[in-house]
Amino acid sequence: MKKTLLSMMTVALLLAGSASRAAAQGDMKPILVVSLAGYQRIMDDIAFVGKLSDSPDLAKNLEGMITFFTQGQGLAGLDKTKPWGLAASTDGLSFQLLGFVPVTDLKKLLDALSGFLGDPDQEDGVYKIQAGLPIPLYLKEHKGYGYLSQDAASLSSLPDDPTKLLGGLDKQYDVAVRLNVQNIPEVFRQLAIDQFKMGVEGSLEQGPDESDEQFEQRSKMTQQQMDTLVTTLNELDELTLGLSIDEAARRTYLDLQMTAADGTPTAKQMVSLPAPPSKFAGFLMSDAVATLHVNSKASPENTDQSLIMVNSLRQQIMSQIDDQDFGNDQVEATVKDVVGQVMDVLQDTVKKGVVNGGAVIVGDGPFTLAAGGLVSDASRLEAVVKKLADLAKNDGGIPADAVKLNADKHKGVTFHTATFDVPNDDDNADLVKELLGDKLMLTVGIGKESAFLALGNKGIDTLKKVIDKSEGVTETTDKPFELTVSLAPILKLMSKAEDANPIIGAMAATLKESGKDKIQLTVQPIKNGALYRLEAEEGILKILGSAVKLAAAQSGLGAF
C-alpha cells in the first residue's frame with residue numbers, strides 16, 4: 001500500500017509539470033492519438049446504415065437534431081470534408097494535449113455551439129472555454145483548423161498540417177485510437193503494472209475445497225501467466241483500435257493492431273512463422289452455422305511456454321483425480337492411465353510446433369458439432385478409446401450396444417460411436433433435444449496424424465465431408481486463425497425460448513432474408529505483431545440500423 005501511495009504522489013507531481021515547458025523543450029513524443037475521418041464521412045456511413053435498415057432519412061434526421069439544438073445554425077464554420085484529431089504527447093516529465101477540428105470560421109462554430117460551451121473569452125485570437133470543465137480549454141484558428149489545448153502557451157507554435165499527427169489513421173478508418181506504449185513514461189507503466197499485480201495477487205485465494213497442493217500448482221501457473229503478461233506489457237510498442245464502414249464492399253470491420261518493440265522477445269514470439277499447407281481446410285464450410293480454422297507454426301519460445309502449460313495442466317488434472325472417490329481402485333487407475341496417455345499425445349503434438357485444425361457447426365436444428373486437428377502419432381489414441389469404451393460398459397452402466405467400435409472407416413480414419421438417451425428429468429432436456437436431437441451421438445475419429453470428435457446425429461457424415469474437402473490443399477493461408485459465425489440460425493434458436501423478446505425472431509428473419517448474416521474474426525500477421533479483425537456483413541449493419549431506429553422511437557426522438 002505504501003508503495004502504491006508513493007507512486008500516486010509521483011504521478012501527481014509529474015502531472016503538475018507545465019505543458020508549455022515541455023513544448024519549449026521540443027522533444028515531445030505522442031502517447032495517444034485519436035482520429036475521426038471527418039464529419040461528412042461519418043454522415044455518409046450513417047446514411048448507408050439507414051438505407052440498409054429502411055431508414056433512408058437517418059442521416060438527415062440526425063442533422064435535423066443538430067440544427068435544432070444549435071437553434072437553427074447547424075455546425076456553421078465547420079469544414080465537413082477534413083478529418084478531426086486529438087494527440088496527447090509527453091517529454092517524459094510533463095504532458096501536452098493538442099486537438100484539432102477543420103474550420104472555415106472558428107468564431108462561427110463557437111457561436112453555433114454557445115448553448116453547450118457558453119460564450120468564450122477571447123484575447124489575441126485565443127478563445128478560453130470553461131463551461132463547467134475542471135480546467136479551462138483554449139482554442140485558436142490556424143490555417144483552416146481550430147486547435148485546442150489545455151494551455152494557451154502551447155498554441156503559440158502550431159503545425160500547418162495537423163493530419164500528419166494521425167499517421168494515416170484517418171485514411172484507413174472512420175474512427176481510430178492509437179496508443180504508443182513505449183512512449184509512456186516508465187513511472188506510469190510501472191504504476192499500471194503494480195496495480196495489475198496487486199489485483200491478481202489479491203484475488204488469488206485458496207478455495208474451501210482446494211488442497212494445499214492444488215492451490216500451490218494453481219498459484220504457480222497464475223504467476224507464470226502474470227510474468228508473461230507483464231513482460232508483454234513492457235515490450236509492447238503500439239496498440240491501434242480502428243472502426244470502418246466500407247460501403248463499396250457493404251461490410252464493417254473493427255481492427256485491433258498489436259505490435260511489440262523491435263528486437264524484443266515479445267516481437268520474436270509474435271512473428272508468425274510460415275506454416276505448411278493446412279490438412280484441415282475442409283472445416284471452412286460456407287453454408288455452416290459456424291466454422292473455425294487454425295493453421296500456424298509456433299516459435300521455439302512459444303512452444304516452450306505451451307509445454308509448461310501442458311505439464312501444469314497434467315498435474316492439476318491428476319491432483320483432481322486423486323481427490324475424487326471412484327469407489328473402485330481399478331476405475332481410478334484406468335482414468336489416470338487414460339489421462340496420462342492423452343496428455344502424452346498432447347505434449348508430443350505441442351513439441352511439433354504446428355497448430356492445425358478446426359471446428360464446424362452444421363444443420364438447422366438439431367445441429368452437429370465437429371472438430372479435429374493435427375495430432376502426433378494419433379494411433380496411440382485408439383487404445384484410449386477402447387479403454388474408455390470398456391469403462392463405460394463395465395462401470396458406467398451404459399448398454400453394450402450403445403458403444404460401437406470401428407463403426408465406419410473413411411480414407412484412413414476409423415470412426416467409433418456412442419449413443420445416449422437424453423434424460424427427460426434433466427432441467428435442460430428440452431434445450432439439449434432442440435440443439436442435438438432426441439439422442440446424443442458422440443463420434444470419435446482416429447487417423448495416422450489426425451483426431452476428430454463430433455457431437456450430433458450426423459457426426460460421421462460431417463467428418464467425412466471435412467476429410468474430403470481437406471484433400472489436395474497445397475496452398476497455405478495468410479490467416480493463421482479464422483472464425484466465422486452466422487447469426488440468423490442462432491437468433492432463430494434464441495427466439496424459441498419461452499421468455500424471448502419477439503424482436504429477436506424478427507431480427508432472425510431479417511438476417512436470413514438478407515443472406516448476409518456472418519460475423520468473422522481473423523488474425524493476420526504484421527511486422528512485429530498481429531492484426532485482429534472483427535468483420536460483419538451488411539445484414540448485421542441492417543440490424544444495427546433498425547436497433548437505432550427503434551431506440552430513437554422509444555426515447556421520443558423519432559420525430560427528428
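Q: How many aromatic pairs does the count come to in this predicted model?
A: The count comes to 6 aromatic pairs. The model is predicted. A pair of aromatic rings is described by the distance of the centres and the angle of the planes.

Q: What makes Phe100 and Tyr145 an aromatic pair, and which kind is it?
A: The centres of the two rings are 5.7 Å apart. Rings pair if their centres lie within 6.5 Å, so this one counts. The planes of Phe100 and Tyr145 stand at 80 degrees. Over 60 degrees counts as edge-to-face, so the pair is edge-to-face.

Q: Why does the pair of Phe100 and Tyr145 tie together parts that are apart in sequence?
A: Phe100 lies in strand β3, residues 95-102. Tyr145 lies in strand β7, residues 145-149.

Q: Why is Phe100 called buried?
A: Its relative accessibility is 2%. Buried means under 20%, so Phe100 counts as buried.

Q: How do you know whether Tyr145 is buried or exposed?
A: Tyr145 has a relative accessible area of 6%. The cut-off for buried is under 20%, so Tyr145 is buried.

Q: Why is the pair of Tyr145 and Tyr147 called tilted?
A: The centres lie 6.3 Å apart, and the planes stand at 55 degrees. Under 30 degrees would be stacked and over 60 edge-to-face, so this pair is tilted. Both residues, Tyr145 and Tyr147, are buried.

Q: What links Phe100, Tyr145 and Tyr147 into a cluster?
A: Ring pairs do.

Q: What makes us say that the charged end of Arg533 sits over the ring of Tyr253?
A: The charged end of Arg533 is 4.0 Å from the centre of the Tyr253 ring.

Q: Why is Thr462 called buried?
A: Thr462 has a relative accessible area of 6%. That falls under 20%, so the word is buried. Thr462 lies in helix α15, residues 459-470.

Q: What does the side chain of Thr462 reach, and which residues does Thr462 touch?
A: The side chain reaches the backbone oxygen of Lys458 at 2.7 Å. Thr462 also touches Met285, Val360, Val362, Thr368 and Ala370, leaving out residues up to four places away in sequence.

Q: Why is Thr303 called buried?
A: Thr303 has 11% relative accessibility. The limit is under 20%, so Thr303 counts as buried. Its place is in helix α11, residues 300-322. Thr303 touches Ala298, Val350, Lys351 and Gly353, not counting residues up to four places away in sequence.

Q: Why is Val473 called partly exposed?
A: Val473 has 29% relative accessibility. Buried needs under 20% and exposed needs over 50%, so Val473 is partly exposed. Val473 is found in the loop between α15 and β18.

Q: How far apart are Val473 and Ser278 in sequence and in space?
A: They are 195 residues apart in sequence. In space they are 6.8 Å apart, C-alpha to C-alpha. Beyond its neighbours within four places in sequence, Val473 is in contact with Pro277, Ser278 and Ala281.

Q: What is said of the phi of Arg250 and of Asn406?
A: Arg250 has a positive phi of about 55 degrees, although it is not a glycine. Asn406 has a positive phi near 55 degrees and is also a residue other than glycine. Arg250 lies in the loop between β9 and β10. Asn406 is found in strand β14, residues 403-410.

Q: Why is Asn406 called partly exposed?
A: Asn406 has 48% relative accessibility. Exposed needs over 50% and buried under 20%, so Asn406 is partly exposed. Arg250, at 36%, also counts as partly exposed.

Q: How many cavities of 30 Å³ or more does a search of the whole structure find?
A: The search finds 1. About 40 Å³ of space lies in the largest cavity. Helix α16, residues 487-494, gives the largest share of its lining, 3 residues. The lining includes Asp364, Phe367 and Glu434.

Note on methods:
Residues are numbered from 1 along each chain as its sequence is written. This is a predicted model: local features need pLDDT of at least 70, side-chain atom pairs count only at pLDDT 80 or more; totals for chains, interfaces and linings use all residues. Side-chain values use heavy atoms; hydrogens and water are left out. Helices (H or I, at least four residues) and strands (E, at least two) are DSSP runs, numbered from the N terminus. Buried means under 20% relative accessible area, exposed over 50%, partly exposed in between (1.4 Å probe, protein chains only). A charge sits over a ring if NZ of Lys or CZ of Arg is within 6 Å of the ring centre and within 35 degrees of the ring normal. A polar contact is a pair of N or O atoms within 3.5 Å; within protein, one must be able to donate a hydrogen and the other to accept it, and residues adjacent in sequence count only if both atoms are side-chain atoms. Contact means heavy atoms within 4.5 Å. On a 1 Å grid over the protein atoms alone, a cavity is a set of points where a 1.4 Å probe fits but cannot get out, and a pocket is an open set with protein on both sides within 12 Å along at least five of seven lines; lining residues have an atom within 4 Å of a point. Grid points are joined across faces, edges and corners, and a volume is the space filled by probe spheres set on the points.
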